[in-house]
Structure formats: structure tokens, C-alpha cells
Amino acid sequence: MFFARLLRDLALELHKLALGATEEHATLRKRLATAIVVTLAVDVVASVLMYVLEHGNHRSDITSPFQAFFWVTAQLLTVSSQMPNPVTTAGRIVDLFLELWAITVVATVAGSFAAFLSKKS
């Protein structure tokens, strides 16, 4: 019974979030949308950078734009995946930026949810 009520309340809150039912829902939705859009832009820019920086190096596994995009996306989603590290100094700097970005976005989104939930209480 408790689990069913919890799922129903979660579904209701997600529906309210999608509609922007209250000012808190609209603010949370705006913050989440901003985080997603800016992260997608960072993904594209970093993919181009990694391809330009790494594709000419014979020790690098990044040999195509798709591989660069895949590598950058994996770094953003997993925060330091098991994929090979960049071999150039500039590529390593981009990698550090990506990891800092991913950690910052996760913390920001978690903080946004915490602020939303504390206002709901």
C-alpha cells in the first residue's frame, strides 16, 4: 500500500513538473532544461575539440568524429569511464574540464531537486 501511494505521488509530481503546475515546478523544469541544453552544447564543442586534438596522433583511439563524440558523451555520462585517456596534453585538459563539468551538473541538478523538495515539505 505504501509503495503504491509513493508511486502515485511520484507520477503526480512528474505530471505537475511537465505542466509547470506551480512556480516551483516551472523553476525546476527551467533549471533541468538549461542543464540539458548547455550540456549538449558542451558535448558537441568538446567532441569537435577532441577530434581536432587527437585524430592525428597514432597512439590515440579517436580517429573519426563519431569516435570523438562517443568518447566525450561517455565521459560526460559516466564521469571517467574505462575508455582510453587522451594522449595529447590539450586532450587531457579537455578531459579534466569534462569531468569537472559532469560533476558540477550532477551536483547542481541534485541541489535543484533538494531545493524543490524542501519547498514542498
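The largest pocket of this predicted model has a volume of about 290 Å³, where a pocket is an open set of points, on a 1 Å grid over the protein atoms alone, at which a 1.4 Å probe fits and which has protein on both sides within 12 Å along at least five of seven lines. The volume is the space filled by probe spheres set on the points. Of the 15 residues that line the largest pocket, Ala-35, Thr-39, Leu-76, Leu-77 and Val-105 are the closest to its centre, a lining residue being one with an atom within 4 Å of a point. At least two lining residues come from each of α2 (23-54), α3 (65-78) and α4 (89-120), and α2 gives the most, with six residues; helices are DSSP runs (H or I, at least four residues) numbered from the N terminus. By residue class, the lining of the largest pocket comprises 12 nonpolar residues, two polar and one charged, with Asp, Glu, Lys and Arg counted as charged, Ala, Val, Leu, Ile, Met, Phe, Trp, Tyr, Cys and Pro as nonpolar, and the others as polar.

Leu-7 belongs to helix α1 (residues 2-19) and is partly exposed, at a relative accessible area of 43%; buried means under 20%, exposed over 50%, and partly exposed in between (1.4 Å probe, protein chains only).

A search of the whole structure finds one salt bridge, defined as a side-chain nitrogen of Lys or Arg within 4 Å of a carboxyl oxygen of Asp or Glu. This salt bridge is formed by Asp-9 with Arg-8, whose closest N and O atoms are 3.7 Å apart. Asp-9 is partly exposed at 35% relative accessibility, whereas Arg-8 is exposed at 53%.

Two further residues illustrate separations across the model. Arg-5, in helix α1, is partly exposed at 43% relative accessibility, and its C-alpha atom lies 49 Å from that of Asp-61, 56 residues apart along the chain.

Residues are numbered from 1 along each chain as its sequence is written, and side-chain values use heavy atoms, with hydrogens and water left out. In this predicted model, local features need pLDDT of at least 70 and side-chain atom pairs count only at pLDDT 80 or more, while totals for chains, interfaces and linings use all residues.
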